[in-house]
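Here is a guided look at a two-chain model, written for someone who likes to keep the structure open while reading. Please have your viewer ready.

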Amino acid sequence: MHMPLSDTLGLNLMAANQHQADHNREHFDAWNLLCLNVMSSPGAGKTSLLERTITALAPHLEMAVLEGDMTTQLDAQRLEAVGVPVVPITTGRACHLDAAMVSGGLRQLQAQLDPAALDLLWVENVGNLVCPAEFEVGEHLKVALLSVTEGDDKPLKYPVMFREADCVLITKVDLLPYLPVAVERIETHIRSVNPAAEVFQVSASSGAGLDAWHQWVLATTREHTRQAALVEVG
Amino acid sequence: MHEVDMTKCLLLSLHEWKRGQEPLTPVVSAVHLQVGDFTCVEPEALRFTFAAAVEGTWLDGSTLEIDTVPLRARCLGCSSVYSPDPDQAYRSPCCDQPMEEIVSGRELRIRSVDYSLPQQASDPAAVPSR
């Protein structure tokens, strides 16, 4: 018997993950918060960016972080130090967060605080440009980072990640004077695979470009949670 | 090796489907997937992990058949459908436009299952736990 499964099952190979991701998103929507899934290769600067961004946005938004890390809690400790609730999710050998792991993290978060008080939940994914692109965790938007030291060919070598991202941050732009890399070329390659993406050039270390990114986060969160108009970020 | 987790997802879906057939246990000979070229899935790795994962389960003896689907996109300029080339930054050869609309290549689908239904109730002890 040759039986199409479409009637009995979702057609999606990832249906089991997708169901859990949809369930997570229902929670986020019930709590009226925005969830951003932050992804990049290891060392592109996710944690450094979040340190700066969370500090800058703390007067305006209630935030928490679900911190994916393969073995350590080092990143979680760094983000706790900027004064935000952090739930570490140690993935062990898994090279990405999946929806079930995030669901477990949400239960821990609920033990600490009332998520309905939050405006924005950051999910910092495991450093990897391949797997996290296919494993939705229930996020509303995907943010991908690419550091200028990784080279301008990465959007073409790992196109699915940069295609799926709603927002791409080109990080460490303060290092450009020391590198044989043209940032315009990186941006062109990103836009070639994903013309709809918001693209920002930033440096968490010098602070360059962070204001525009912070305004975007604030405006996107406000729009999502149907709050009042954009305010000045200090 | 995210194909391991993808295989787990696939097995969960197949297990759900099997429960819908109870009290009969379908004997599956093949599972057909559609996998787009513009995904993070390596078909060979998926076949390998599937074969390892079904050993000794109700799916033992079944094969994973994977149809790959080429990446195709519609040109923003002239609406013609083209095959994006990484060496051309995935841009359209006709109008040099970015890859706006993907027509195919993002598929990750369970398409169908080849199976037979023996006409006796399944032995509950033979059903693997999830």
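The report below covers confidence, then the contact between the chains, then strands, a helix and a few backbone details.

**Confidence**

Please keep in mind that this is a predicted model. Its scores are ipTM 0.85 and pTM 0.89. For chain B, the mean pLDDT is 90, and 90% of the residues reach 70 or more. One stretch of chain B calls for care: over residues 125–130 the pLDDT is below 50, and beyond near neighbours in sequence this stretch has six contacts in the model. Where pLDDT is low, the predicted coordinates should not be read in detail.

**Where the chains touch**

How many residues of chain B are in contact with chain A? On the chain B side there are 30, and they meet 30 residues of chain A. Helix α1 (3–20) and strand β6 (108–116) of chain B each supply at least two residues of the side that touches chain A. By residue type, that side of chain B divides into 17 nonpolar, six polar and seven charged residues.

**Strand pairing**

Eight bridges join β1(B) to β6(B), and the two run antiparallel. To find this pairing on screen, look for V28(B), which stands opposite Y115(B) in β6(B). Strand β1(B) also pairs with strand β2 (residues 63–69) of chain B, in the parallel sense and over seven bridges. In that pairing, H32(B) has E65(B) of β2(B) as its bridge partner.

Chain B also holds an open sheet of three strands in the order β4-β3-β5, with antiparallel pairing. Its edge strands are β4 (81–82) and β5 (101–104), each of which pairs on one side only. Strand β3 (residues 72–74) of chain B pairs with β5(B) over three bridges, and R74(B) stands opposite E101(B) there.

In chain A, strand β7 (residues 167–171) is mostly covered, with four of its five residues buried. Strand β7(A) has a parallel pairing with strand β6 (residues 141–147) of chain A, where S147(A) has T171(A) as its bridge partner. Strand β7(A) also runs parallel to strand β8 (residues 198–201) of chain A, and L169(A) stands opposite F200(A) in β8(A).

Here are several of these pairings side by side.

| Strands | Sense | Bridges |
|---|---|---|
| β1(B) and β6(B) | antiparallel | eight bridges |
| β1(B) and β2(B) | parallel | seven bridges |
| β3(B) and β5(B) | antiparallel | three bridges |
| β6(A) and β7(A) | parallel | five bridges |
| β7(A) and β8(A) | parallel | four bridges |

Helix α2 (residues 46–57) of chain A has 12 residues and reaches 16 Å from its first C-alpha to its last, close to the 16 Å expected at 1.5 Å a residue. Which residues of α2(A) are buried? They are K46(A), T47(A), L49(A), L50(A), T53(A), I54(A) and L57(A). These residues lie on the same side of α2(A), because they cover an arc of only 150° around the axis. An α-helix has 3.6 residues a turn, so residues three or four places apart point the same way.

Elsewhere in chain A, Q108(A) is found in helix α4 (residues 99–112). Q108(A) counts as partly exposed because it has 13 C-beta neighbours inside 10 Å. Between Q108(A) and D22(A) there are 86 residues in sequence and 19 Å in space, C-alpha to C-alpha.

**Backbone details in chain B**

Most residues other than glycine have a negative phi, and most peptide bonds are trans. Against that background, a few places in chain B are worth a look. A cis peptide bond joins E22(B) and P23(B), with omega about 15°. P23(B) sits in the loop between α1 and β1 (27–36) of chain B.

Y90(B) is not a glycine, yet has a positive phi of about 65°. Its place is in the loop between β4 and β5 of chain B. D96(B) lies in the loop between β4 and β5 of chain B, and has a positive phi near 55°. Are Y90(B) and D96(B) buried or partly exposed? Y90(B) counts as buried because it has 24 C-beta neighbours inside 10 Å, whereas D96(B) is partly exposed, with 13 other C-beta atoms within 10 Å.

Terms used. Residues are numbered from 1 along each chain as its sequence is written. Chains are lettered from A and ligands numbered from 1 in the order in which they are written. This is a predicted model: local features need pLDDT of at least 70, side-chain atom pairs count only at pLDDT 80 or more; totals for chains, interfaces and linings use all residues. Two strands pair if DSSP finds at least two bridges between them. pLDDT is the predictor's confidence in each residue, from 0 to 100. Two residues are in contact if their C-beta atoms, placed from the backbone, lie within 7 Å. Ala, Val, Leu, Ile, Met, Phe, Trp, Tyr, Cys and Pro count as nonpolar, Asp, Glu, Lys and Arg as charged, and the others, Gly among them, as polar. The expected span of a helix is 1.5 Å times one less than its number of residues. A residue is buried if 20 or more other C-beta atoms lie within 10 Å of its own, exposed if 12 or fewer, and partly exposed in between; C-beta atoms are placed from the backbone. The arc is that of the directions from the helix axis to the C-beta atoms.
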